[in-house]
Amino acid sequence: MPRKPLHLLALALLSGALAACGSDQTTMYEPGVYKGKQDAAASEEAAERRSGELRSRAERGFTDR
Amino acid sequence: MARMKFLCDAERCIECQACVTACKNEHEVPWGVNRRRVIVMNDGKPGEKAVSVACMHCTDAPCAAVCPVDCFYTTADGIVLHDKDLCIGCGYCFYACPFGAPQYPQQSAFGVRGKMDKCTFCAGGPEEVHSSAELTKYGTNRVEEGKLPLCAEMCSTKALLAGDGDIVADIYRKRIITRGGRPQTWGWEAAYGEGV
Amino acid sequence: MKLRKKTAAAVEQPARGLLAKAIGRRTFLHGSGLAVGGLAAASMLPTGMVKKAHAARKIDRDVEITTAKSICTHCSVGCGVIAEVQDGVWVGQEPNFDSPINLGAHCAKGASLRNHGHSTRRVRYPMKLVGGRWERISWEQAVEEIGDKLLQIREESGPDSVWFAGSSKANNEGAYLQRKFAAFWGSNNCDHQARICHSTTVAGVANTWGYGAQTNSYNDINNSKCIIMCGSNAAEAHPVAMQMILRSKENGAKLVVMDPRFTRTAAHADTYVRFRSGTDVALMWGILYHVFENEWEDKEYIRQRVYGMDKIREEVAKWTPDEVERVTGVPEDGIYAVAKTMAENRPGTFIWCMGGTQHTIGNNYVRAYNCLQLALGNIGVEGGGANIFRGHDNVQGATDVGPNPDNLPGYYPIAEAGWKHWCRVWDVDYDWLAGRFDQAEYDDGQGGKIKPMNSGGITVSRWIDGILEDRENIAQRDNLRAVMMWGHAPNSQTRGPEMKRAMEMLDMLVVIDPYPTVTAVLHDRKDNTYLLPAATQFEQAGSCTASNRSLQWREKVIDPLFEHKADSEIAYLLAAKLGFADEMFKNISVENNMPQPESVLREINRGTWSIGYTGQSPERLKAHMRNQADFDVVSLKARGGELDGETYCLPWPCYGTPELKHPGTHVLYDTSKHVMDGGGNFRANFGTERDGETLLAEDSWSKGAEIQGGYPAFDSDILKQLGWWDELTDEEKRHADGMSWTTDLSGGIQRVVMKHGCHPFGNAKARAVVWNFPDDVPLHREPLYTPRYDLVEEFPTYEDRKIFYRLPTRWESVQARDYSREFPLIHTSGRLVEYEGGGEETRSNPWLAELKQDMFVEINPADANDSGVRNGEMVWLEGPEGGRIRIKALVTERVGRGTVFSPFHFGGHFQGEDLLSKYPSESSPYVRGESTNTATTYGYDSVTMMQETKTTLCRVIPA
């Protein structure tokens, strides 16, 4: 086999792969970004909802009555 | 919004281990895994001091920075949690953590063999709130019920404080004013990057 | 592969950062050792633990969760507990922020209570030894066989040949029924943990000023300006009490800790004084020396309220600073600093625990502490007091109304008058009850004869001698032939090897307990040994008396697990089998064999006039538990609400009937308050004068008293003389005529007396000199096993006695030999925070057991080097009576040179052997170890038979 066609094949595969990266089906690896399941209780709304209760719980539990 | 923090008042800690067993009780943490423990300095000598240590839920959590599978996340109220389904038990977070918080059960206890386990600030994990998956993998979710970590709530002398950082710091500052002396807030600065 | 290697490497890495600095007792005693990394921890599990410890509970959010309020069962602080229950399962434990006692707080034990609700390590059903193996039997068979054996022994050897250990962990109702059970069986041979806990305190303080109890409260320490702790390690024994102590310290109180050991409590002190174990009297007189020298005493208080201080002054004058240093080892400046601190910071409170009580002269220690407090005017004031921290959760209550060998509920005497009082309360014929007892007479130890009904029974500390001693030397018909351990750990008593022998000599041995306890395994018995599963206090309702005298009410959290039964039910079943249930439960309502706790408490209310256990009806106590949040943390007084002005859970004395609404007494002997507001004064219990000197108070009376000065205790005659008699109703007069304030069952005398602002028990001086004790003025005497044998001649112990609580008792014949050369180290013992008492229950709780897996001895580096002992290695600790224990050495400066310390909670090993195979299968505790009392020695207090566990000798050699 001549060498040029191999290069061409590699190039074709590479461009195919690179093209795939741009598609919606492919996930880019972003280091340092959470990869796990979402936790509904971790949201801004959830935290806001419970913050008042948690504040008064701290006052009740930790101040010397 | 409230920002959850722990603070252990070393002047009040009497090494009674209530925080340790409260945690065991609440989450049924298996034998050999200690999400919280009491550390004693100068044991048996004048100057003996103790402090209760667990995951401090750092502002800039070093564990998250080194995790090769990115299983850590921080809730909107500042609690650092992780997904045990992703965790590979590599131990990097143990090296990174200034408090030695991460724990690795040897056998199947919380989830699968070798997954890292640590204090959740009694806030469960990335599963449906109060589901049995959350309970068995991470323990109970008190925060969602408006309660704070049981270790602090049951502390014998109210040495261990937990909750919104502003309130915790406020309670502690009042004590310092009453009794005089310098604040000794073990780990606070390392965890939250600021003084009380 | 790569990853596994890396994690494995972590095992070998020391911990980093903050954690790396700390190598303490816990990291040394593996289990919580972060120093070796979390990865390694699991390899330390006892076999099979991994699976068992994490059976995560199910909580169904759709099914209702109910809550029950209870009280922690692990010490006398009385911490409130909130239990969450779903489908009959105890699924959660929440902090009780409303309780004014603990404000939600717990120690390690309290924070792990929920394990009691599902522990599988308990004795699950009745069992008996058959040919040396445990076999399951039914309750019916157990009661039948035990009952038949008891009746046979009674027939052959009389009722006194059976000995019952009741329990300070039973609630008031259970403990009261245990005492009543012994009485109806016909014997005074019953006792409980108070004997070996604070008996010297109870005798010492009651004989000094009135009642045998903590004078103030944990909460009241917030009012103190100076806190002295002597022989108390509250940080481990009463951790939640430290909340109040540290709060008080933060508000400026000076904290002084005096102890041979630098305890975790000492770590928080402003001043720590280390002294030689066994020299407290010399230490107290050393402090008083400076008080008198500098005229720091409260002269007016002493004139008005104290008898005999001059005689104390004479003894104290002998204790010059040099002399004190020679005996205690404490130099003058240390003692002077304490005296000055106490003098300049009043009111000051004095706290003591087992370090001050468990000695051959424990009653002297206690009275020396009392004299110091009286000299400074610190008793009967808020912030002052003798804050005696009791041990078990209901040891105060069991002392007040439970199984004591030398008195009846309410401290009524075992003399005829006391029995007649209770027979009226019980509604039984006195002659019938007297007929249940052995009618012969025996040596009373004072040259006379006495009937067993009127002679103090054999104590917890000495039951083994009731078995081992020659029959002719015992002041009862026969040796003990059967022992029933009804909620009692044997490894908390001294002389382990002899105990083993004693157990093996018994005809029958019965354990009634949630756990097998060391009683199940110490001996090599093959038959006639029973385990009956008793319910925990979370499986029943009832009242329990905290150290501060508050009666808190426990709700039932869950039904008894397995085949467990409550103490009260067991008492009923046994009484029915033995044939006296009808008489014993005549006025008590019983449902399905279970005596109802409310009904039992009402009977207690009807009889205990002497100590004011009469006002605390179940209804009032339950109302207090419902309204916990209304009570002030410092004064324990309700502010507003339906209980406005009442003190939390009506600390006794709460005189009169419940309808009278006495508010309970927060601070005893406090003249600044009206008696109907919890005020009082010292008790007139010892006559009105002695050697021409009045014993009644002078120019001192409680606020509002119409008799302004001292007066004796009240009876119907005095009321008539005062013209107060006609203030009684006709109904009250019928009961009260010819009666005193303690025997008038109507409560009329108390009602009328208090209406006039007077105290029913009179108004007298406290006695610095207790002339009815062996040493009227407390003296220093060297321990029987003393390291300073050179001091024995100057400070000898007592002569031996032929009969003392029915047994020959030795002092000087033991001290006659010098052991200090062969056994050069003082051996002292004490508590750990993780465990309680004999420890079987707590060592069976995995959340606690994990934290302390090894029995150990603390030894000073110098002594360790002298003996060739290395930290963490196994050693033999050998006592002078031959007992030896194989344990780990913990080399630490916590103990001074010449003293070693070991905890007393371990059991399940005996002289190097693990007794695991002797436990019923799956009922063994997770952690076992040598019992320190295998190596402890003979020695008993001269008034109460308290055992000596704090000062003996030993040697430590590498194993």
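Start by selecting Arg136(C) and Tyr125(C): the charged end of the arginine sits over the tyrosine ring, 3.9 Å from its centre. (That label needs NZ of Lys or CZ of Arg within 6 Å of the ring centre and within 35 degrees of the ring normal.) This is a predicted model, where local features need pLDDT of at least 70 and side-chain atom pairs count only at pLDDT 80 or more, while totals for chains, interfaces and linings use all residues. Residues are numbered from 1 along each chain as its sequence is written, chains are lettered from A and ligands numbered from 1 in the order in which they are written, and side-chain values use heavy atoms, leaving out hydrogens and water.

Now hop to chain B and pick Arg36(B), whose charged end sits over the ring of Phe6(B), 4.5 Å from its centre.

Next, ring on ring. Over all chains there are 44 aromatic pairs; Phe, Tyr and Trp (its six-membered ring) pair if the centres lie within 6.5 Å, with planes under 30 degrees apart called stacked, over 60 edge-to-face and the rest tilted. Select Trp296(C) and Tyr336(C), a tilted pair at 5.8 Å centre to centre and 45 degrees between the planes. Trp296(C) is buried at 17% relative accessible area, whereas Tyr336(C) is partly exposed at 31% (buried is under 20%, exposed over 50%, partly exposed in between, with a 1.4 Å probe and protein chains only).

Then go to Tyr835(C) and Phe906(C): their centres are 5.6 Å apart and the planes at 90 degrees, so call this one edge-to-face. Tyr835(C) is buried at 0% relative accessibility, and Phe906(C) is buried at 0% too.

Last stop: select the cluster linked by ring pairs that includes Phe164(C), Tyr176(C), Trp426(C) and Phe580(C).
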